[in-house]
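Please look through the sequence and the model shown here before reading the notes that follow.

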Amino acid sequence: MRSRFAAVCRYEFRMQVRKRSLWVSTVGLAVLIAVAQGDRGPRHLPAGTSAAEVMGSWALLFSMLLPIGFGMVLADRLVRDHRIGAASLLASLPTRPGALVAGKYAGSVAATAVPGLLVLLVTAAGEFAHRGDLTLFGWAVAAFAVVLLPGLAFVAAFALVCPLVVSAPLFRVLFAGYWFWGNMLGPAYLPSLTGTLLTPIGDYPASWLMGEKALYAGDSGWLSFLRPEPGGGAALLSVVLLAVLASLPLAFAGPLIARRTSS
Amino acid sequence: MSLWRYEARRAGWPACLAAPASLLAALALAAASAGFGASPPSVHGVLLSGVEALVPLAAAMAAVTVVSVDRCRELQLALPAGYSVTLGRRLGVVAGIGAALSVLFSAALRLTGSWTGPESALASALVWASPLLGLTGLALLVAVLGRSVVLATTTVAVVWLCQQLFASALAAGVWSRPFFLFMTSRVGVADGWGTNRAVLAACGVLFITTALLLLRRPERLLTEEEV
């Protein structure tokens, strides 16, 4: 069972990581973010700012847009298996649908995580050139793990499974709208998930790294019980909740795939 | 008529349903806002965003689908009918659905006193028509140039998202203001509104014309699946 999961994970990773559009969209978005961040962006943080704050700011900035590209890349992964006729072939393998989905999910997350991590490491190298602090690299990995990766895992789960129900094009429209509404639309303006523990943009973990409120974390609004004061505990809770939420669509993926394959 | 019905089927139900789904999302968000005590101007702003922001986003994503997901492209290219004409009909269906729904939605907002856009009928149409033309044109051009669903949809989503995020800065800048997609719902019918609508529409026409010129060699599109 474990070896089958590992095999699926490996082939999915290899397929995804070689996808040119994944790299082009990630690099394009990273350059756009780096250039267009404005005066308040992390590039303009004063000398002497802690490495954790610098890399936390960068990770938050990247997590605003990079997951959009990752979601678009992953939106047709499972649907495509049916479109090109590979689903029936995969169904004939001794691997159970659950292991197949889990392996594809893990491989997809790992493959999209590679460019995300590289972008942060390259950024750390750029910051190192004028700050001269080696710990920037360590904090880049930490910021990736707590800010970018949980959001990526969350987005990947929904991007893989939801198109099985609503189709990939419709998912992409709804995803773009959701990303703005659920992450960056101020909760004072409209009822939204922005500023709650359920924001995959990593508002709480970034606030913990930066030592101050990053965006809207904890702002009063809809679902007040999901808006504790930012801090280490709240950041950890946010990561755990995102992981739990990500597992929900994955639980339905096996039956959905089986139904589509049999129809 | 049967030809248009056929093209609608070829465009696919997700492409045809994208605009209605986006307006339903706007209605749901407006209802939630009203339910949680948002002021009437805020609720009206959400409804206006439905036609100015969400319908163009849906139409642009649907246009990418129409261009990129054609399983019979080789067959189409073997026919005497020009492929750009066929593609144009399918895009026309998608844009037509978005336009018809926007007109109906705008009319419903007027009848219920929730309309906060311009008064004249022609200007009202420009609330949704200009961003729809601009964003759909951009989607079409990137889809034809890049031959990749991911690149085209990411471009559209990022342009849309960045315009929402940096709305204040874009509306305030002299050079960025004419290219701001959400002028009516975020700023109102203020100075430069007409210029903004005209520039967006002109950009859309320019993008579509360039895409059509590129489609004079439709075999360019054949390899998008592997990109």
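**Helix packing in chain A**

In this predicted model, A:Val54, A:Met55, A:Trp58, A:Ala59, A:Phe62, A:Leu66, A:Phe70, A:Val73 and A:Leu74 of α3(A) meet A:Ser108, A:Thr112, A:Gly116, A:Val119, A:Leu120, A:Thr123, A:Ala124 and A:Glu127 of α6(A), where contact requires C-beta atoms, placed from the backbone, to lie within 7 Å, and helices are DSSP runs (H or I, at least four residues) numbered from the N terminus. Local features need pLDDT of at least 70 and side-chain atom pairs count only at pLDDT 80 or more, whereas totals for chains, interfaces and linings use all residues of this predicted model. Residues are numbered from 1 along each chain as its sequence is written, and chains are lettered from A in the order in which they are written.

**The α3(A)–α6(A) pair**

- The axes of α3 (residues 51-74) of chain A and α6 (residues 97-131) of chain A come within 10 Å and cross at roughly 150°, the axes being lines fitted to C-alpha atoms over the stretch in contact, with angles running from 0 to 180 degrees between N-to-C directions.
- α3(A) is therefore roughly antiparallel to α6(A), a term used for angles over 145 degrees.

**The contact between chains**

- Chain B contributes 32 residues to the contact and chain A contributes 24 residues.
- On the side of chain B that touches chain A, α2 (13-35), α3 (40-68) and α7 (149-165) of chain B each supply at least two residues.

**Chain B**

- Chain B has 10 helices and 0 strands.
- The C-alpha trace of chain B spans about 55 × 40 × 30 Å along its principal axes.

Technical notes: Two residues are in contact if their C-beta atoms, placed from the backbone, lie within 7 Å. Angles under 35 degrees count as roughly parallel, over 145 as roughly antiparallel, 65 to 115 as roughly perpendicular and the rest as oblique.
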